[in-house]
Amino acid sequence: MAATTDSLLNRSAIRPANWPVRFAWLAFALYFAYALSHLELTPARFFAGLDYGYKFIAKLFPPDFHRWELLLKGLKESLEIAILASVLGLVISLPVSLLAARNLMPTWVTWPARLLMVLCRSFHPVIIAILFVKAVGFGALAGILALTVASLGFLGKLFTEAIEEISLKQVEAVRATGAPFMSVIAFGVLPQVFSRFIGFASYELDSNLRNSTMVGIVGAGGIGGTLFAAFQRFDYDFVCAIILTIIAMIIVGEVLTHAAKKVFRA
Amino acid sequence: MSAAAAAVVEREWKRYSTGERLARFMVYVTIVAAIVLSIRTVEVIPDFILDAPEQIADLLKRMWPPDFASYPKEIHAALLDSLHIATVGTVFGVMMALPFGFLAARNVTPWPWLNWAARLVLIATRSVNTLVFALFFVAVFGPGALAGTLAIAFHSIGFVGRLFSEALETTSPGPIEALRAAGAPVASVISFGYWPQVVPAFWSLVLFRWDINVRESIVLGLVGAGGVGMALDNALNLFQWTRVAMVLLAILGVVIAAEVAVTYIRKKII
C-alpha cells in the first residue's frame, strides 16, 4: 500500500527523466540568456521608454480624421494593389502548381517549379517591393508586382499540396476515355481541388490586404506611404487614424472573405 | 394520375438550390466588379509595365556577382542579430499570448464578455503589422534590436493566441470533468487536463510562428529596428548592388535553413 502511494506521488514514475530533452532545454536557456544580453535592455532604458511610451500614446489620441481624403486615397490604392496582386498571383500560380505536383509531372519539371516557389516565398513582400521599386519606379505597380511574387510563393505551395492529395482514380478514368491532357486537368484534377482553392485564395486575399498596407513604407504605393510620412512628421494623431482605418479594413475584409467561403463551403 | 406523371417528368435535378446559386452569382459579380474597378482606377503608367522586364534584367546584371567579401565584415553579425530578434521575440510573444489564448477559449473561460475582450486583443495585435509595431517601439525605445524584438513579440500575440484558443476549444471535456469532480484546483485542471491535450498543437504553432518571425525580423531593419534589414538598407541607399545581392543570398540561406530546422524539430517532437 505504502509502495503504491509512493509511486503515485513520485512524478518520475509518471514522467521518466528524459536527459536529451533536458540538455536541449538547458542549451536553449543559455542561448536565450545570451540573446537577451544582445538587446541592451537596461532598467534605466526601460523606464525612460515607459515614459516615452506614455507620452506617445497620449499623443495618438484622439485620432485626427481631418485629412480623410488623403486617407481614403491611400486606402483605395492599397485595396487595388491587394485585389490585382491576388488575381495575378492566382492566375500565375495555377499553372505553376500543376507543374510542381509530383503526382502529375516528371521530376525534371517539378524541380524548377518548386525552386521558383521557394524563391518567391523566402523573401518578405516588403523586400521584394524594394527591388521592384528600384526596377519599375515608385507607385502601385511595384506593389502589385511584389505582392504577386509573394502570392505565387504561398498559393503555389498550398495548391501543389492540394493537388498532390487528390485521388488518382478519377484522373485515370478521364485518361482511359482518351481525353487529351488539358481535359484530364479540367475534368479529372480541378473539380477535386476547386473548393480548397477558394479557401486558399481567400486566405491569400486577406494576407495581401495586410501587406498592401505596408509596401508603401518603401514607396510601392498604398496607404503605407502615407502612414510612414505621418510617422516621420510626428503627426501621431493622423497615424492613429490611419492605423484604426487599416484595422477596420482588414476586419471587414475578413468578414467578407469568410462569407464568400461559406457560400462555396470551402 | 397523368398530372402526377407530368410533375415527375418536369422535376429537374439541380446541384444547388436557387438561393445558393444566387449567392454564388453574387460572389462572382463582386469579384469581377472589384477586378474591373481596380484595373480602371489604379494609377499605373503603361510605359513602366512595358519597360519592366528590361529594367529588372538591368538590375540583376548590376547585382552580379555578389560581393562575397562583405559577408564576414558587415552581414554576418547583423544576420545573427535578426535570428536573436526572431527567437526572443517569439518567446516573449508566446508568453504574452498564452493567457489571452486561455481567456479567449469558450470552454476554459465561461464568461462571454472576457472571451470577447481577449478576442479583441488578439484581433487588434494581429491586424497591426510588425512594421507598424516596429515604428512605434523605435519611437519609444530608440533604434535597435530591442524595438525589433518587442515588435515581433506583440505582433505574434494575435496569431499564437488565436490558434492556441482554437486548439483549446477542440479538447475533449472528459479528463477536465474527471479532474473537476476530484476537486482539483484551477491550476491543476489546466496543467493536467487541458495542457497535455494541446501540447502537440502548441509546439507546432510555436515552431510555425518562429519560422514566420525569422522572415519578419529581416525587414525590421528598414525602419531602424535592428537586424540584417539595416545592412540591406545601407547597401540599397549607397546603390551597392553587389552587396545587396550578397545580403539577399544570406537571407535566402537563413530562411531555408530555418524551414529545414523547423521541419526536423517538428518530426522529432510531434
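1. Let's start with the loop between helix 3 and helix 4 of chain B, which holds B:Pro65. A cis peptide bond joins B:Trp64 and B:Pro65, with omega at about -5°. Helices here are DSSP runs of H or I of at least four residues, strands are runs of E of at least two, and both are numbered from the N terminus.

2. A word on how to read the model, which is predicted: local features need pLDDT of at least 70 and side-chain atom pairs count only at pLDDT 80 or more, while totals for chains, interfaces and linings use all residues. Residues are numbered from 1 along each chain as its sequence is written, and chains are lettered from A and ligands numbered from 1 in the order in which they are written.

3. On confidence, the model scores ipTM 0.79 and pTM 0.82. Chain B has a mean pLDDT (the predictor's confidence in each residue, from 0 to 100) of 84, and 96% of its residues reach 70 or more. Within chain B, helix 7 of chain B scores highest, at 90, and helix 1 (residues 2–10) of chain B lowest, at a mean of 57. Where pLDDT is low, the predicted coordinates should not be read in detail.

4. What is chain A built from? It has twelve helices and zero strands. Its radius of gyration, taken over C-alpha atoms, is 26 Å, well over the 18 Å that the globule rule gives for 266 residues, so chain A is more spread out than a compact globule. That rule is 2.2 Å times the number of residues to the power 0.38. Along the principal axes, the C-alpha atoms of chain A fill a box of roughly 80 × 75 × 35 Å.

5. Of the 266 residues of chain A, 38% are buried. Buried means that 20 or more other C-beta atoms lie within 10 Å of the residue's own, exposed means 12 or fewer, and partly exposed lies in between, with C-beta atoms placed from the backbone. Helix 3 (residues 19–37) of chain A is hardly covered, with one buried residue among its 19.

6. Now to where the chains meet: the contact takes 47 residues from chain B and 42 residues from chain A. Two residues are in contact if their C-beta atoms, placed from the backbone, lie within 7 Å. Helix 2 of chain B gives the largest share of the side of chain B that touches chain A, eight residues. That side divides into 33 nonpolar, nine polar and five charged residues. Ala, Val, Leu, Ile, Met, Phe, Trp, Tyr, Cys and Pro count as nonpolar, Asp, Glu, Lys and Arg as charged, and the others, Gly among them, as polar.

7. Helix 5 of chain B is worth a look. Its buried residues are B:Ala118, B:Leu122, B:Thr125, B:Arg126 and B:Ser127. They pack against helix 12 (236–264) of chain A together with helix 4 and helix 7 of chain B.

8. Two phenylalanines deserve a check. A:Phe234, in the loop between helix 11 (223–232) and helix 12 of chain A, has phi near 55°, a positive value in a residue other than glycine. B:Phe239, in the loop between helix 10 (228–237) and helix 11 of chain B, has a positive phi of about 55° although it is not a glycine. A:Phe234 counts as exposed because it has 11 C-beta neighbours inside 10 Å, and B:Phe239 counts as exposed with 10.
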